[in-house]
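Welcome! Please take a first look at the chain below, and keep it in view while you work.

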Amino acid sequence: MIVTRLADLDGTDRDVQSTTWRSRRLVLAKEGVGFSFHETTMYAGTETEMWYANHIEAVYCVGGTGELENRETGEIHEISDGTMYLLDGNEKHTMRPKTDLRLICTFNPPVTGREVHDADGVYPLITEPETGEADLKEVDITEEEVAV
């Protein structure tokens, strides 16, 4: 059994920040459960383009309001407390928080915590091998976002 308190992750390697969001990773690939689980805050007035080409992501909003754009169809969805969205087709999307937006996210395959969005907003597919050393499946990564 694993019990984690969100505040215990503050300032650790599981507390990842950029200029538009902060993500605290409660469950990562190294836990070996087949998914990762994150609490993410996206900052009001920002815009973040993402495209999880290698992952399926489910997101549940537990606070705030924002706008989610499916860049492939042009559809705009209002996001607020109680809204869930599933990126089951690896859709390119943009999030525009109107207020700070608190999101609970799960990824499959799980993320390791070492991923950085590339120029297209993609997380590379990184796995946790049995040895505990990173096994980078995609190597063409440009670090566009710098952890704060």
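The exercises below go from the strands to a cavity and then to the salt bridges.

Two notes before we start. This is a predicted model, in which local features need pLDDT of at least 70 and side-chain atom pairs count only at pLDDT 80 or more, while totals for chains, interfaces and linings use all residues. Residues are numbered from 1 along each chain as its sequence is written, and side-chain values use heavy atoms, with hydrogens and water left out.

**Exercise 1. Find out how many helices and strands the protein chain holds.**

Step 1: Begin with the rule. Helices (H or I, at least four residues) and strands (E, at least two) are DSSP runs, numbered from the N terminus.

Step 2: Apply the rule. The protein chain has zero helices and twelve strands.

**Exercise 2. Work out the strand order of the open sheet of six strands.**

Step 1: Recall what holds a sheet together. Strands of a sheet pair through backbone hydrogen bonds, either parallel or antiparallel. Here two strands pair if DSSP finds at least two bridges between them.

Step 2: Read off the order. It is β1-β2-β3-β10-β5-β8, with antiparallel pairing.

Step 3: Locate the edges. β1 (15-17) and β8 (84-87) are the edge strands, and each pairs on one side only.

Step 4: From one strand to the next it averages 20 degrees, where axes are lines fitted to C-alpha atoms (for helices over the stretch in contact) and angles run from 0 to 180 degrees between N-to-C directions.

**Exercise 3. Describe how β5 pairs with β10 and with β8.**

Step 1: Take β10. Residues 56-63 form β5 and residues 101-108 form β10, and the two run antiparallel over seven bridges. Within this pairing, Y60 has I104 in β10 as its bridge partner.

Step 2: Take β8. β5 pairs with β8 in the antiparallel sense over four bridges. There V59 stands opposite Y85 of β8.

**Exercise 4. Describe the largest cavity and its lining.**

Step 1: Set the rule. Rolling a probe the size of a water molecule over the atoms shows where empty space is left. On a 1 Å grid over the protein atoms alone, a cavity is a set of points where a 1.4 Å probe fits but cannot get out, and lining residues have an atom within 4 Å of a point. Grid points are joined across faces, edges and corners, and a volume is the space filled by probe spheres set on the points.

Step 2: Count and size. There is one cavity of 30 Å³ or more, and the largest cavity holds about 150 Å³ of space.

Step 3: Name the lining. It has 16 residues, of which T40, M50, Y52, E57 and C105 are the closest to the centre. β2 (21-27), β3 (36-42), β5 and β10 each give at least two residues to this lining.

Step 4: Sort by class. The lining has ten nonpolar, four polar and two charged residues. Ala, Val, Leu, Ile, Met, Phe, Trp, Tyr, Cys and Pro count as nonpolar, Asp, Glu, Lys and Arg as charged, and the others, Gly among them, as polar.

**Exercise 5. Examine the salt bridges of E31 with R14 and of E39 with R102.**

Step 1: State the terms. A salt bridge is a side-chain nitrogen of Lys or Arg within 4 Å of a carboxyl oxygen of Asp or Glu. Buried means under 20% relative accessible area, exposed over 50%, and partly exposed in between (1.4 Å probe, protein chains only).

Step 2: Count them. The structure holds ten salt bridges.

Step 3: Look at E31 and R14. Their closest N and O atoms are 2.8 Å apart. E31 lies in the loop between β2 and β3 and R14 in the segment before β1, 17 residues apart. E31 is partly exposed at 25% relative accessible area, whereas R14 is buried at 12%.

Step 4: Turn to E39 and R102. The side chains of E39 and R102 meet at 2.7 Å, N to O. E39 is in strand β3 and R102 in strand β10, so this pair ties together parts that are 63 residues apart in sequence. E39 is buried at 3% relative accessibility, and R102 is partly exposed at 37%.

Conventions. On a 1 Å grid over the protein atoms alone, a cavity is a set of points where a 1.4 Å probe fits but cannot get out, and a pocket is an open set with protein on both sides within 12 Å along at least five of seven lines; lining residues have an atom within 4 Å of a point.
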